Amino acid sequence: MPGLFIFLVTGAAGQIAYSLLYSIAKGDVFGKDQPLVLLLLDITPMLPVLEGVVMELQDCALPLLREVIPTDKVDVAFKDLDAAILVGSMPRREGMERKDLLKANVAIFKSQGEALDKYAKKTVKVLVVGNPANTNCLIAAKSAPSIPKENFSCLTRLDHNRACFQVALRCGISANSVKNMIIWGNHSSTQYPDIHHCKVNVQGKDVTAFDAVKDDAWLKGEFISTVQQRGAAVIKARKLSSAMSAAKAICDHMRDIWTGTTEGEFFSMGVYSTGNPYGVPEDLIYSFPVSIKDKTWKIVDGLAINDFSRAKMDATAAELVEERDTAVSFLGV
């Protein structure tokens, strides 16, 4: 059996973590034979709630879960980590300007990046979920100079999964029959769900999404806006943000890092843009199609980009450049 795997979830008293922790603790992400130590970080006022989460995890009697450690201290939470999922962030409140949101989150993710740099293993894999996820991820990576920037990623798998299911629903097939969807750019309403390289398995045969759906106007219009606005639609309906679907996407993302992707298939992840083959500005965390092998992602190269896609990719990049420049101005460096 492998050695103990030390794993952190921040914002651990929140609703995403509540949907996430059971799947991780029972081995759905890092393997069915990988014993785990789970560290749960949240702010001090949430510690009583966290104690309840710990009790529930203990009461699941999961064979892989060796220890659960709730804490509000970064030196405890970030020590010797193999992996970290940074879920906790400052949510946007009514009347709050995006600039104020960025400023609050820069402080959080700067301190967490510094803690990763000081306490975690240099091989740690870090997934940022808390919004604005791309820019929060960039700030954490910049604040942890001794950890390779390739070890940081942000979650756009939820958008990817949303897009796959919309196509599957339209075609009357299962979601796993839709492959090689792409989410380009920011995890925001400017993201670009791109189906130009998507394959749909219909009656045992792979065809393009355009041939499967047979409605170009929908694919270039309502499909894109539905995916872009899905998070807001969930909040409007539930009065809470996505939790179950976000947790599933986190598991998918981390499992792919650990086990790799199938030859010829790719998924969407927010990763470091420097050196990318698609003309996206340097020094951003931007969602690309990636394949993964040996826990290392690689941006899928050689995909043709038409003028329609180029314009949408550039628009979301422009938003990320603006976010980055605003966020970096708050770093005080």
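Me: Leaving aside its neighbours within four places in sequence, which residues is Gly-130 in contact with?
Reply: This is a predicted model, and in it Gly-130 is in contact with Leu-86, Val-87, Ser-89, Phe-109 and Asn-136, once neighbours within four places in sequence are set aside.

Me: OK, and where does Gly-130 lie?
Reply: Gly-130 lies in the loop between β5, which is 125–128, and α5, which is 133–142.

Me: Is Gly-130 buried or exposed?
Reply: Gly-130 counts as buried, because its relative accessibility is 3%, and the cut-off for buried is under 20%.

Me: What about Asn-131, where does that one lie?
Reply: Asn-131 also has its place in the loop between β5 and α5. Its relative accessible area is 36%, so Asn-131 is partly exposed.

Me: And what does Asn-131 touch, not counting residues up to four places away in sequence?
Reply: With those left out, Asn-131 touches Ser-89, Met-90, Asn-105, Asn-136 and His-187.

Me: Which residues does the UniProt annotation "binding site" cover?
Reply: That annotation, from an unreviewed UniProt entry, covers Asp-42, Asn-105, Val-129, Gly-130 and Asn-131. Of these residues, Asp-42, Val-129, Gly-130 and Asn-131 are included in the lining of the largest pocket.

Me: Which residues is His-187 in contact with, leaving aside neighbours within four places in sequence?
Reply: The contacts of His-187 are Asn-131, Asn-134, Leu-155, Thr-156, Asp-159 and Arg-162, with those neighbours left aside. Asp-159 and Arg-162 are also among the buried residues of α6.

Me: Let's do α6 then. How far apart are its end C-alpha atoms?
Reply: They are 21 Å apart. Helix α6 has 15 residues, 157–171, and at 1.5 Å a residue it should span 21 Å, so the two values agree.

Me: Which residues of α6 are buried?
Reply: Those are Arg-157, Leu-158, Asp-159, His-160, Arg-162, Ala-163, Cys-164, Gln-166, Val-167 and Ala-168.

Me: What follows α6?
Reply: Gly-172 does, and its phi is positive, near 70°.

Me: Which residues does the UniProt domain annotation cover?
Reply: The unreviewed entry has "domain: Lactate/malate dehydrogenase C-terminal" over residues 156–330. In the model, that span is 46% helix and 20% strand, and its end C-alpha atoms lie 25 Å apart.

Me: Switching topic: how many disulfides does the structure hold?
Reply: It holds zero disulfides. A disulfide is a covalent bond between the sulfur atoms of two cysteines.

Me: Which side chain does the side chain of Asp-82 make a polar contact with?
Reply: That of Lys-121, at 2.8 Å. A polar atom of the Asp-82 side chain also lies 2.8 Å from the backbone nitrogen of Ile-6.

Me: Last one, Leu-20. Which helix is it found in?
Reply: Leu-20 is found in helix α1, residues 15–25. Leu-20 is buried, with a relative accessible area of 0%.

Me: How far apart are the C-alpha atoms of Leu-20 and Lys-248?
Reply: They are separated by 7.2 Å, while Leu-20 and Lys-248 are 228 residues apart along the chain. Leaving aside neighbours within four places in sequence, Leu-20 is in contact with Val-9, Ile-85, Ala-247, Ile-250 and Cys-251.

How values were computed. Residues are numbered from 1 along each chain as its sequence is written. This is a predicted model: local features need pLDDT of at least 70, side-chain atom pairs count only at pLDDT 80 or more; totals for chains, interfaces and linings use all residues. Side-chain values use heavy atoms; hydrogens and water are left out. UniProt positions are given in the numbering used here, feature names are shortened, and annotations may be inferred rather than shown by experiment. On a 1 Å grid over the protein atoms alone, a cavity is a set of points where a 1.4 Å probe fits but cannot get out, and a pocket is an open set with protein on both sides within 12 Å along at least five of seven lines; lining residues have an atom within 4 Å of a point. Helices (H or I, at least four residues) and strands (E, at least two) are DSSP runs, numbered from the N terminus. Buried means under 20% relative accessible area, exposed over 50%, partly exposed in between (1.4 Å probe, protein chains only). Contact means heavy atoms within 4.5 Å. The expected span of a helix is 1.5 Å times one less than its number of residues. A polar contact is a pair of N or O atoms within 3.5 Å; within protein, one must be able to donate a hydrogen and the other to accept it, and residues adjacent in sequence count only if both atoms are side-chain atoms. A disulfide is a pair of cysteine sulfur atoms within 2.5 Å.
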